[in-house]
Amino acid sequence: MAASSSGYSRMFCKLRKYVNKSQSLYHTFVIRTIWTSGSKTQLQPKAHTKSLPRMVGVVGLEIHAQIQSTSKLFSGSHVRFLAPPNSLVSHFDASLPGTLPVLNRRCVEAAVLTGLALSCTINRKSLFDRKHYFYADMPAGYQITQQRVPIAVDGILVYSHFEGRRRNQVITRSVRIKQIQLEQDSGKSLHDDERSQTLIDLNRAGVGLMELVMEPEMCCGEEAAAAVRELQLILQALGTCQANMAEGQLRVDANVSVHRPGEPLGVRTEVKNINSVRHLAKAIDYEIQRQMEVLQSGGTVLNETRAFDSKSGNTIPMRDKEGLQDYRFMPEPNLPPLFVYESEASVPAGVDPAQVVVIDRLSAQLPELPSVKRTRLVETHGILQEHSFTLVNEDGLMDYFESVVQMTKIEPRKVIGWVIKELMGNLNSQSLKVSQSPISPCALAELINLVESNHISSSTAKQVFQEMWKAPEKKVGQIVKEQDLWMINDKDELQKICQRVVDSHPEEVQIIRRGNKKVLNKLMGEVQRETKGRTDPVQVRAILEKMVS
Amino acid sequence: MSASSAAFRPVAAMLGLSIREVSQALRDGRVSATELCRKCINQIQRTRYLNAFITITEETAMEQAQRAHNRLRTGKPLGPLDGIPFSVKDNFCTENIETTCASSMLKGYIPPFNATVVQKLLDQGAVLVGKTNLDEFAMGSGSTDGVFGPVRNPWSYTTLYREQSTEDPDSDWLISGGSSGGSAAAVASLSSFLALGSDTGGSTRNPGSLCGVVALKPTYGLLSRHGLIPLVNSMDVPGIMTRSVHDAATVLRIMQGRDERDSTTIQAPSTPPSLPEHFDIRDIRVGIPKEYHALGLSQDTLDQWSRVATMFEQAGAQVQEVSLPHTQHSIVCYHVLCCCEVASNMARFDGLEYGHRSTVDSSTDAMYATTRHEGFNNVVRRRILSGNYFLLKSNYDRYFVKAQQMRRLITEDFTNVFRSGIDVLLTPTTLSDAVRYSDFIQEDNRTRSAQEDIFTQPVNMAGLPAVTIPTALSCRGLPIGLQLIGQTLQDWKLLTVAHWMEQQLSFPVIHFHGDSDERELDRSVRERTHTIGS
């Protein structure tokens, strides 16, 4: 690129060669880690010494959540995933000398909303700092972050996961959020190994991030994964982050160590390069196991950064920082302290309340959070707690469910089976979203109502459901009629069918008459088979019982 | 007297006017905007030996002047600056015009935008004639440490100075002061009616004083820094250099105010259209800080300081000694803070997005290192190194935090003095009149800055407005300036007092040495010094 050029946006900055490819490949933010307390629960290690308590894992998370906003944290550049390289770069983003940061209020509001949702204390005054290190995709040579006084502190994230043989036992835990800080994202380095050069895309440089620091209070991958899943739901409900890990909107680094309860925390490693919740659990559990094995074989755990390799399921050492990195933090002199006001009344005279961040205003905007939704679902509809998780986890499923409930007269917990088993089963097998379902809540309600009014049997209904899935244009009644699936409600006809079955199974009838009532089920099955399930089992049983008694 | 001398005199007569006077001449049609612009550019060419300019923007200047001319001719000038030629220190970004900071690092760098203050002047129809020389990245107090070579003080070439000098004009010449030496020289040598400087520790007032021009450092935050390539963000202020206090006030009024692109700017207090012509000085209390009786203060400067203090007193103002006890520690703290911000601000110059890039490409780190080594001079590199040292985790509390604490105490000193009823402080601007270049370079940049910024940088630490006013000529025939310091956001009151003071002083207009000498000098100096620059 020409020395005189300011046309950075038109092209990639080309950098010939680089020292350490793996180093650059896995580059993400290097983050401070905070360890303050031990874990609450214990993972079962494979081996342990008799006299000592078992070793347990200790997990803390550092999460970078990209703020959902139309423009960057300190510049007016747009934020868009997969835009052409260097097409979303302002003068400030490219660190042109003489440019200054201008704070985006929307990003501050997102952080405050997130802080409120996580029961944080919102600092009325927070500060920005510069964190220095040279990296090709960080043009200013420093990142603007909030090292001294972040926007929100002392929060809590309540999350649940399932235990028990059938994994239906809901265990609710919580992890403390140490702080939420606003900071800039970096650009991206793309390495062209063939030409031995690095290409830099600054589209992401300067996008607003919320860094959430969780205390090391989790003990295993499953807990961490559940916590992150809950956080994703909260962020999505708030609209402050899209929280898609695969697209990098949510980046989770795990600080992992092992120790024996009561003893000081062990040396930790930082595990990076995790791009899904599932991988997070695997990476953490692998790392805990690895550290235990290292210690048990007499080795020592190194304080290092490791990358998770999703193919092998292992973590591997990433880079050895040459010596200790000193970030030379300094207050950001171009940004005055960030003030957040309690209410419109507390905004000082001369300041336009519309131009500042007011907590009361944001509190009023808080949507129903996932935990509240789940409680409400359980309380209003009498469904199982575990089902409330499924309904809330799946985008749009809760609304779907509640629509069906509204349009049917049956108990909501009877609807849940349809929604979770039939609907989700079909959606998942075809990787569809709830919004893409070929069967509308209205159509499903119609089907359920036919069952409830004894017009079709519940086994037939499942068959009809599959037909509806294949032919969404057809009405439920049409399908039932075409396939001749209406329930046989004519008493005489039922009598005849049952009589035929009883007559053709004399042995079974004898056994039943001798007292083995179970065999009646076999006769019922025969009736079902003959009628292709178009009978009401309760009615059939009554008739058969009468005949064999 | 030769023909060219005859040509020079009427030019000087027009070029030596203040903005107010020449603006009137433009409106009256006594001179056209294009003629005026041409005269300034000729004057820049004629005084090339001063090395005041890095870039002369002749072509765009003439276009701007033509547009101004059209407006003036139809009686619709944009304001008091329409058609007024001005120059800008080369650390302010100018759209499509090379902006170098007098550093190899930014040679050939063409910004895609104008600094807010530059844009505001252009919006008023002012005509940008060139970018002025400075110390590299404004780090210095002599304008001697830039990649384009030192700036010469125009007063080195006055009749008065040349007649007492026994040496060759090419060896015996004076520094302009710095780091905005080019801007001060441009105004002093009648090449511009207005020049923008930047003032971090005195960089506008110091050369203003040594070159005999009015130099204003406004309250921090009153003028936008957007587009000013930073030295110390928390102290940098665009500075205004003119030939009269009235002009400085006019320009301040146009440039001041909140800029959404600089979050540290503040709403300007309401200001009347112009400074009062008649003003009762008896309402004013002038403080004389005793700590400013510093070691090394020249007799000439001390005499002028006393004379002006007496002048205020005799006119009925209350003059009293005051104390700023922490001032003595200011320069040390200033240096710590300056180096820290320099280390941080210079981190962006890595050769990737813009500016110089080394051809060494064995690795990214090697490229960074050689790029920065090649791009920065020793002064910049030393400050970066010191700053990074001060910011190390283990040193942070001992240096940066301590310096910040001291900065607060220094600010409180000023606050206390002003709270006691003082309106302005009267101090020297520099220790003495301009030093010969050959003497100046006997000491390194660090030492010189510590000496030269002694009276100016406490004001930057506290963010206060200050102005230097040309007071008198020394026994060597060189300008001596005195500084007035005001309260935060009381820039207008400060200028009102400065205006009164200026009216009592009648500082002389520069008078260049005989023109045959001048022509010869021009040629000889140009041949010898301008091989470095563009």
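Colleague: Across the interface of chain B and chain A, how many residue pairs are in polar contact, counting those with both residues at pLDDT 80 or more?

Modeller: Bear in mind that this is a predicted model. The rule finds 14 residue pairs in polar contact across the interface of chain B and chain A, with both residues at pLDDT 80 or more. Sorted by type, the residues of the side of chain B that touches chain A are 21 nonpolar, 15 polar and 13 charged.

Now for the extent of the contact. The size of an interface is often given as the accessible area lost when the parts come together. Here the area buried between chain B and chain A is about 3700 Å², and carbon and sulfur atoms give 56% of it. On the chain B side, B:S263, B:R348 and B:E353 lose the most area to chain A; together these residues account for 18% of what that side buries. Counted by residues, the contact takes 49 from chain B and 42 from chain A.

Let's step back to the chain A partner. Chain A has 549 residues, and buried residues make up 52% of them. Its secondary structure comes to 16 helices and 18 strands. Take the contacts in chain A between residues at least 6 apart in sequence: 70% of these join residues at least 24 apart.

Take B:C475, which is in no disulfide: the nearest cysteine sulfur, that of B:C211, is 18 Å away, and a disulfide would need the two sulfur atoms within 2.5 Å. B:C475 counts as exposed, because its relative accessibility is 63% and the cut-off is over 50%. A:C498 is buried, with a relative accessible area of 0%.

B:C37 is also a buried cysteine, at 0% relative accessible area, and it sits in helix α3 (residues 33-46) of chain B. Leaving out residues up to four places away in sequence, B:C37 touches B:A61, B:M62, B:A65, B:P85, B:V127 and B:V129. As for B:E63, which is 26 residues from B:C37 along the chain, the two C-alpha atoms are separated by 9.9 Å.

Then there is the stretch around the end of helix α9. B:I254 is found in α9 (residues 245-255) of chain B and counts as buried, since its relative accessibility of 18% falls under the 20% cut-off. Not counting residues up to four places away, B:I254 touches B:P80, B:L81, B:K120 and B:Q124. Its C-alpha atom is separated by 17 Å from that of B:A68, 186 residues apart along the chain. B:Q256 is in the loop between α9 and β7 (285-289) of chain B. With 11% relative accessibility, B:Q256 is buried as well. Its side chain is joined to that of B:T271 by a polar contact of 2.9 Å. B:Q256 also touches B:K120, B:L222, B:L223, B:A268 and B:P269, again leaving out residues up to four places away in sequence.

Finally, some backbone details. A cis peptide bond joins B:G178 and B:S179, with omega about 10°; B:S179 lies in the loop between α6 (159-164) and α7 (181-188) of chain B. B:A102 has a positive phi of about 50° although it is not a glycine. You'll find B:A102 in the loop between β2 (85-89) and α5 (116-123) of chain B, buried at 0% relative accessibility. A:D484, in the loop between α12 (476-482) and α13 (491-504) of chain A, has a phi near 55°, a positive value in a residue other than glycine. A:D484 is partly exposed, at 44% relative accessible area.

Terms used:
Residues numbered from 1 in each chain as written. Chains lettered and ligands numbered in written order. Heavy atoms only, no water. Buried < 20%, exposed > 50% of the residue type's maximum accessible area, 1.4 Å probe, protein only. Contact = heavy atoms within 4.5 Å. Buried area = accessible area lost by both parts, 1.4 Å probe. Polar contact = N/O pair within 3.5 Å; in protein donor to acceptor, adjacent residues only side chain to side chain. Nonpolar A, V, L, I, M, F, W, Y, C, P; charged D, E, K, R; others polar. Helix = DSSP H or I, 4+ residues; strand = E, 2+ residues; numbered from the N terminus.
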